[in-house]
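Good morning, and thank you for coming.

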Amino acid sequence: MKRNGAMITAFTLLLGVLTGCTSPQGTDTGGTTTAPSAAKTGKTTIQYWHSMGGANGEFTEALIKRFNDSHPNIEVVGTFQGSYEEVVTKLQQAVAAGSAPDVSMLERSFIQLFADADVLEDLTPYMKKSNLSTEDFVQGLMGHSIWNKKLLTLPLNRSTPIMHVNKTMLDEMGLKVPTTWEELKSVTNALVIKDNNGFKRQGLSMPFDDWYLIAMMTQSKGRFFNEEGTSVGFVDNGVGLKIFNYLKDLQKTGALFYPPTQDSGNIVKQMFTEGRIGILFESTGSIGSLQKNVKFDYVTSFLPKNDVYANPTGGANVTMFASSKNKDAAWEFMNWLMTDPQGGQQFVIDTGYLPFTKKMVESKEIKELFAKEPNRKVAYDQLQFGIDTNKHLAWTPAVQEFRSAMQAIMYDNKDIQTTLNTFKASAEKLMKK
């Protein structure tokens, strides 16, 4: 059921709460992006909002410059608007004020909020004019592109969680890279080295983030929301209890180090780099930085399966707002991102995100990249098991409640089933609003 566009502001305060939590799906939130000055005359100016700070922000600036240099009649003005959640908050405010940008990066789990408000442009006619089809894209990354039978977004900076492994550490102990939950339990416990009352080395870690637990849900043939969108399926079918029991068992033996909520991503990556853990669940977007910093044989592997191999996708898509007064120029920029080797393909090579079109995957440049950096090919190959389960307008408030449940169980040792039942009751109320 569609809602008035003004209703989109309803989640603004909640997103403000979410901002400051671990940014999902490997978001790079550091640094700033300086927008180039708009042309005074003779050019159509396009406003592009994004979440790429730090090194990825520099790559984004370079991307925009390549477009502007090759398109004398269009000038893209890129603006760094903060983390994924901060961009959503600012977009909500801009939509309500009638000042939305022409094109924006939009984290895939928030797309439904804007799609339901009917403020995004249907890209189907533009695709047809450019002789493009949804079949041209990697299907594992298209789960959040079509809403209400309209093509509203296209993939750009996309990632999945993956298993990062200190192969040297495992080889020294005669251990194999685990492929199942049972193997993971055995290997991570074998890696533990106790030190007085603590641990000198532990087996596994991951950032504080619902992403990795959702991966475990899908590996157990579960879903965050049930298919009817009326409840949280993983509580009803016992999958949640199974996951948290598994994690708590690992935590009790020291096989799992579960980090504090603040700066958890940097904490666990440093521990992995320093050899204080042997296995890390983290984003594919971390491959580049880890390869530069580790001093051991480092490999990536699919997330271990329970019943099946499965993993959620993450990262952001790119979209055009229906209010844009420069839609043809906006599409020219989006089309360039999708199809020009100097557009999204070079951005993928620079940043470490996943290639998102079939032509890109088959390109000489990406093939050479995969040959040179096989860890990145593993990340792409894992897309065959990509699953999206968090489609619901209540996702934003529901996941905040779930993160509170995660903290209660993993940090405060609250009873698992009681905590999940409380979460379920809260989530169902949110889903009925």
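**Loops, cores and helix pairs**

Let me begin with a loop residue: Asp 263 lies in the loop between strand S10 (256-257) and H11. Helices here are DSSP runs of H or I with at least four residues, strands are runs of E with at least two, and both are numbered from the N terminus. The model is a predicted one, in which local features need pLDDT of at least 70 and side-chain atom pairs count only at pLDDT 80 or more, while totals for chains, interfaces and linings use all residues. Residues are numbered from 1 along each chain as its sequence is written, and side-chain values use heavy atoms, with hydrogens and water left out.

Asp 263 has a phi near 60°, a positive value in a residue other than glycine. At 46% relative accessibility, Asp 263 is partly exposed. On this scale, buried means under 20% relative accessible area, exposed means over 50%, and partly exposed is in between, with a 1.4 Å probe and protein chains only.

Asn 131 also has a positive phi, near 60°, and is not a glycine. Asn 131 sits in the loop between H5 and S4 and is exposed, with a relative accessible area of 70%.

The loop between helix H5 (124-129) and strand S4 (146-147) also holds His 144. Is His 144 buried or exposed? His 144 is buried, at a relative accessible area of 2%. Not counting residues up to four places away in sequence, His 144 touches residues including Arg 108, Thr 153, Asn 317 and Asp 388; contact means heavy atoms within 4.5 Å.

Gly 275 belongs to the loop between helix H11 (264-273) and strand S11 (277-283). Gly 275 is partly exposed, with a relative accessible area of 21%. With residues up to four places away in sequence set aside, Gly 275 touches Asn 166, Met 169 and Arg 201.

I turn now to the interior. A nonpolar core is a set of buried Ala, Val, Leu, Ile, Met, Phe, Trp, Tyr and Cys residues joined through side-chain atoms within 4.5 Å. The largest such core has 58 residues, and those with the most contacts inside it are Tyr 48, Leu 154, Val 318, Trp 331 and Phe 333. Helix H13 (residues 327-339) supplies the largest share of this core, eight residues. Apart from this core lies another, of 52 residues, among them Leu 184, Val 235, Leu 247 and Ile 409.

Finally, two helix pairs. Helix H8 (residues 210-219) packs with helix H10 (residues 239-253) at an angle of about 120°, with the axes 10 Å apart. H8 and H10 are therefore oblique to each other: angles under 35 degrees count as roughly parallel, over 145 as roughly antiparallel, 65 to 115 as roughly perpendicular and the rest as oblique. Leu 213, Met 216 and Met 217 of H8 meet Val 239, Ile 243, Phe 244, Tyr 246 and Leu 247 of H10.

How do H14 and H16 pack, and at what angle? Helix H14 (residues 341-351) and helix H16 (residues 364-372) pack at about 15°, with their axes 11 Å apart. H14 is thus roughly parallel to H16. The contact is made by Gln 345, Val 348 and Ile 349 of H14 and Glu 365, Ile 366 and Leu 369 of H16. Axes are lines fitted to C-alpha atoms, for helices over the stretch in contact, and angles run from 0 to 180 degrees between N-to-C directions.
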